[in-house]
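Dear colleague,

Please find below the structure that I am handing over to you. My notes on it come after the display.

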Amino acid sequence: MVYAALFTALISVLGVVPPISLGFIPVPITAQTLGVMLAGCFLGKKSGTISLILFIILVALGLPILPGGRGGLSVLVGPSAGYILSWPLVAFLIGYASEKVWGSLKTWKLFIINFVFGVVLVSLIGAPIMAIITHTSVWAGLVGATAFLPGDTLKAIIAAFLAVQLKSISPIEQKSQS
């Protein structure tokens with residue numbers, strides 16, 4: 001539970017990094033998806049998911065922990081809603097897959113896991129919901145979301161590298177030894 005709370009705090013701190021607005025899509029590029037991927041591949045499915053559920057509860061309560069000092073229920077029904085609400089599922093799936101390969105952990109394996117769930121799945125959930133909320137076509141939302149691919153791919157690499165480097169202190173490691 002301590003790790004879950006720490007990752008909730010880490011993801012909140014990543015919200016201090018100023019968002020990058022693109023102009024053609026109402027959802028900014030943020031650093032917080034790095035924290036989501038890292039929560040899954042470092043904490044595992046249970047603690048990673050708990051950390052993101054707690055994060056969303058704090059956002060819903062109005063804490064200004066999203067980039068630009070945003071928070072509150074309005075954010076969870078706005079254009080970013082699908083992206084943010086996908087995070088607990090994404091952390092769970094990254095954690096689940098990471099736990100499956102933990103015994104033979106390699107950076108490239110975690111990168112693929114992070115890319116599939118933390119980049120592709122987030123966009124496949126977030127972009128259509130953004131499109132529906134903004135009354136645009138789902139196709140336009142998906143095309144616009146491709147702008148996130150370069151930065152999110154870099155975040156997937158960073159999260160994989162950090163998780164492998166920190167493997168010895170991960171709660172996943174502790175579980176696998178029991």
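This is a predicted model: local features need pLDDT of at least 70, side-chain atom pairs count only at pLDDT 80 or more; totals for chains, interfaces and linings use all residues.

Residues are numbered from 1 along each chain as its sequence is written, and side-chain values use heavy atoms, with hydrogens and water left out.

Two packed helices are described by the angle between their axes and the distance between the axes. Helix α5 (residues 107–133) packs on helix α7 (residues 149–165) at about 140 degrees, and their axes are 8 Å apart. That makes α5 oblique to α7 (angles under 35 degrees count as roughly parallel, over 145 as roughly antiparallel, 65 to 115 as roughly perpendicular and the rest as oblique). Helices here are DSSP runs of H or I with at least four residues, numbered from the N terminus; axes are lines fitted to C-alpha atoms over the stretch in contact, and angles run from 0 to 180 degrees between N-to-C directions.

Contact means heavy atoms within 4.5 Å. On the α5 side, the residues that meet α7 include Leu110, Phe111, Phe115 and Val119, and their partners in α7 include Ala156, Ile157, Ala160 and Phe161. By class, this contact of α5 with α7 has twelve nonpolar, three polar and one charged residues (Ala, Val, Leu, Ile, Met, Phe, Trp, Tyr, Cys and Pro count as nonpolar, Asp, Glu, Lys and Arg as charged, and the others, Gly among them, as polar).

Helix α7 also packs with α2, at an angle of about 35 degrees and with 9 Å between the axes. Thr33, Leu34, Met37, Leu38 and Cys41 form the α2 side of the contact, and α7 contributes residues including Asp152, Lys155 and Leu162.

The largest cavity holds about 180 Å³ of space (a cavity is a set of points on a 1 Å grid over the protein atoms alone where a 1.4 Å probe fits but cannot get out, and lining residues have an atom within 4 Å of a point; the volume is the space filled by probe spheres set on the points, which are joined across faces, edges and corners). Of its 17 lining residues, Val27, Pro28, Thr30, Tyr83 and Trp87 are the closest to the centre. Helix α4 (81–101) gives two or more residues to the lining, as do α2 (32–43), α5 and α7.

With kind regards

Note on methods
On a 1 Å grid over the protein atoms alone, a cavity is a set of points where a 1.4 Å probe fits but cannot get out, and a pocket is an open set with protein on both sides within 12 Å along at least five of seven lines; lining residues have an atom within 4 Å of a point.
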